[in-house]
Amino acid sequence: MEPTKILMVCLGNICRSPLAQGILESKITSNTFIDSAGTSAYHVGNPPDPRSIAVAKQNGIPISQFRARKFTREDFKNFNHIYVMDQSNYKDVIGLAETHAEQEKVSLLLPDKKEVPDPYYGGPEGFESCYSLLDDACTQIVKKLNL
Ligand code: 4NP
């Protein structure tokens, strides 16, 4: 059977979405492919932010091998579910969709229109709360999609 393909998206693809990718990968037992991308090209080719690498490592999840890439229209074809972190990401990704089917693949990662705040400009505590939000959200996704 074809694997379920899930893409995590944030702005830079160095703080939130690589963490979300690593966390979800650590929770799945089924045939699932998970990747992440950014809506901007600011950090293309770079590893995750050292603060994301650190909080993931504290939780036993290796993410330093990931490299940032920019979201492309091809991603609508290659993925079944596209999860974005905030309303700004949502607007950027939906803006690239050309069909209703593509639009329907996109949703906010958190329920009830809640956002995963961007921790980039804050201190390390922002990365801990980010981890905790992402960890809970990924547990819910595994349940919901039966991964
Ligand atoms: P991310 O965080 O979208 O969670 O990867 C950011 C990383 C870099 C920038 C903004 C947000 N930046 O402006 O460079």
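Mentor: Welcome! Let's start with a definition: a crossing of two helices is right-handed if the near helix is turned clockwise from the far one by less than a right angle. Keep in mind that this is a predicted model.

Trainee: Thanks! Which handedness does the crossing of helix 1 and helix 6 have?

Mentor: Helix 1 passes helix 6 in a right-handed crossing.

Trainee: And what else describes two packed helices?

Mentor: In general, such a pair is described by the angle between the two axes and the distance between them. Here, the axes of helix 1 (residues 16-27) and helix 6 come within 9 Å and cross at roughly 45 degrees. Helix 1 and helix 6 are therefore oblique to each other.

Trainee: How do helix 2 and helix 6 cross?

Mentor: For helix 2 (residues 50-58) and helix 6 (residues 124-145), the axes come within 10 Å, with a crossing angle of roughly 55 degrees. That makes helix 2 oblique to helix 6. This crossing, too, is right-handed.

Trainee: Now to the ligand. Which residues are around it?

Mentor: Among them are C10, L11, G12, N13, I14, C15 and R16, along with Y42, H43, D118, Y120 and Y121. By class, this shell has 7 nonpolar, 3 polar and 2 charged residues.

Trainee: What polar atoms lie 2.8 Å from an oxygen atom of the ligand?

Mentor: One is a polar backbone atom of G12. Another is an N or O atom in the side chain of R16.

Trainee: How much of the ligand's accessible area does the protein cover?

Mentor: The protein covers 93% of the 360 Å² that the ligand has on its own.

Definitions and conventions:
Residues are numbered from 1 along each chain as its sequence is written. This is a predicted model: local features need pLDDT of at least 70, side-chain atom pairs count only at pLDDT 80 or more; totals for chains, interfaces and linings use all residues. Side-chain values use heavy atoms; hydrogens and water are left out. A residue is near a molecule or strand if one of its heavy atoms lies within 4 Å of it. A polar contact is a pair of N or O atoms within 3.5 Å; within protein, one must be able to donate a hydrogen and the other to accept it, and residues adjacent in sequence count only if both atoms are side-chain atoms. Accessible areas come from the Shrake-Rupley method with a 1.4 Å probe; for residues, only the protein chains shown count as cover. Ala, Val, Leu, Ile, Met, Phe, Trp, Tyr, Cys and Pro count as nonpolar, Asp, Glu, Lys and Arg as charged, and the others, Gly among them, as polar. Axes are lines fitted to C-alpha atoms, for helices over the stretch in contact, and angles run from 0 to 180 degrees between N-to-C directions. Helices (H or I, at least four residues) and strands (E, at least two) are DSSP runs, numbered from the N terminus. Angles under 35 degrees count as roughly parallel, over 145 as roughly antiparallel, 65 to 115 as roughly perpendicular and the rest as oblique.
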